[in-house]
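Hello,

Here is the structure I promised to pass on to you. Have a look at it first, and then read on for what turned up.

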Amino acid sequence: MATRFTNRTGGVSTGAFASLNLGLHVGDEASSVRQNRASLEKAMGPIQFMNQVHGDRIAVIEAVTDVDPTCDALVTGIRNISLAVQVADCIPLLLTSREVVAAVHVGRRGIVNEITRKTINLMRDMGAQGIAAIIGPAICGMCYEVSQDVYEEVITLHPFAESKTRQGTLALDLPAALRSVLSDEGVGIVNKFTCTFESTDHFSYRRDGVTGRQAGIISL
């Protein structure tokens, strides 16, 4: 099994996308993105990316395709296929087991629509045992300021998400909410969290607006 979290360094993209941008949908030169992706594939083999839409669709991958499936979680039980989740503040969640692995895009909407539980249930249906979770770099609870309605929508379902900024305004701690979900599911957690908003080594949409995407990558 192999896992990796990229940051924004080590690629060929320039300007706001400097330098290891992996997102084809953010306005970067497609040729630069494909060159960045190719450099990762040299290290990790064929990588399946996805067209993420903040939904709860899960795609089971049996072969890497050129067309990115529209979904927010990828699952495979086949060795030597790498799965990638792209982020720039949302949580890149990698789920591991000896039988099945998954890459999950966990943002605010993903917390609300329970994509993590749905992915874990599918992995178990596919025979996964002893699932563990790796939480990668994402925005922290003190940096993710939100409006009153968004705040109430999330904490009504996930009270552990309740947070405030350093200025005392309403905020959401999505990693805390995710840890609670994983604990409920009996899934052990490996923490590789860094706040993307605070880290200049990572892309952050909330901080920069126009920016690239890093990724969490996993394979059996």
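This is a predicted model: local features need pLDDT of at least 70, side-chain atom pairs count only at pLDDT 80 or more; totals for chains, interfaces and linings use all residues.

To find Asp-173, go to the loop between β10 (170–172) and α5 (174–184). Apart from neighbours within four places in sequence, Asp-173 is in contact with Gly-141, Phe-160, Ala-161 and Ser-163.

Other charged residues do pair up, and the count of salt bridges comes to ten. One of them joins Asp-208 to Arg-8, with the closest N and O atoms 4.0 Å apart. These two sit in distant parts of the chain, 200 residues apart: Asp-208 is in helix α6, while Arg-8 is in the loop between β1 (2–5) and α1. Asp-208 counts as partly exposed, at 38% relative accessibility, and Arg-8 counts as buried, at 15%.

Another salt bridge links Glu-185 and Arg-124, whose closest N and O atoms are 3.0 Å apart. Because Glu-185 lies in the loop between α5 and β11 (188–191) and Arg-124 in helix α3 (residues 115–125), the pair ties together parts that are 61 residues apart in sequence. Glu-185 is buried, with a relative accessible area of 17%, whereas Arg-124 is partly exposed at 35%.

Glu-198 and Arg-166 also meet in a salt bridge, at 2.8 Å from N to O. Glu-198 is partly exposed, with a relative accessible area of 45%, and Arg-166 is exposed, at 52%. There is a network to look for as well: salt bridges that share partners join Glu-114, Arg-117, Arg-124, Asp-184 and Glu-185.

The largest pocket holds about 630 Å³ of space. It is lined by 23 residues, and the closest to its centre are His-54, Ala-88, Cys-90, His-105 and Arg-213. β5 (82–87), α2 (108–112) and α6 (205–208) are the elements that give two or more residues to this lining. By class, the lining has nine nonpolar, seven polar and seven charged residues.

The second largest pocket has a volume of about 240 Å³. Of its 13 lining residues, Arg-34, Arg-37, Glu-41, Ile-47 and Asp-66 lie nearest the centre. Helix α1 gives the largest share of that lining, four residues.

Enjoy exploring!

Technical notes:
Residues are numbered from 1 along each chain as its sequence is written. Side-chain values use heavy atoms; hydrogens and water are left out. On a 1 Å grid over the protein atoms alone, a cavity is a set of points where a 1.4 Å probe fits but cannot get out, and a pocket is an open set with protein on both sides within 12 Å along at least five of seven lines; lining residues have an atom within 4 Å of a point. Grid points are joined across faces, edges and corners, and a volume is the space filled by probe spheres set on the points. Ala, Val, Leu, Ile, Met, Phe, Trp, Tyr, Cys and Pro count as nonpolar, Asp, Glu, Lys and Arg as charged, and the others, Gly among them, as polar. Contact means heavy atoms within 4.5 Å. A salt bridge is a side-chain nitrogen of Lys or Arg within 4 Å of a carboxyl oxygen of Asp or Glu. Buried means under 20% relative accessible area, exposed over 50%, partly exposed in between (1.4 Å probe, protein chains only).
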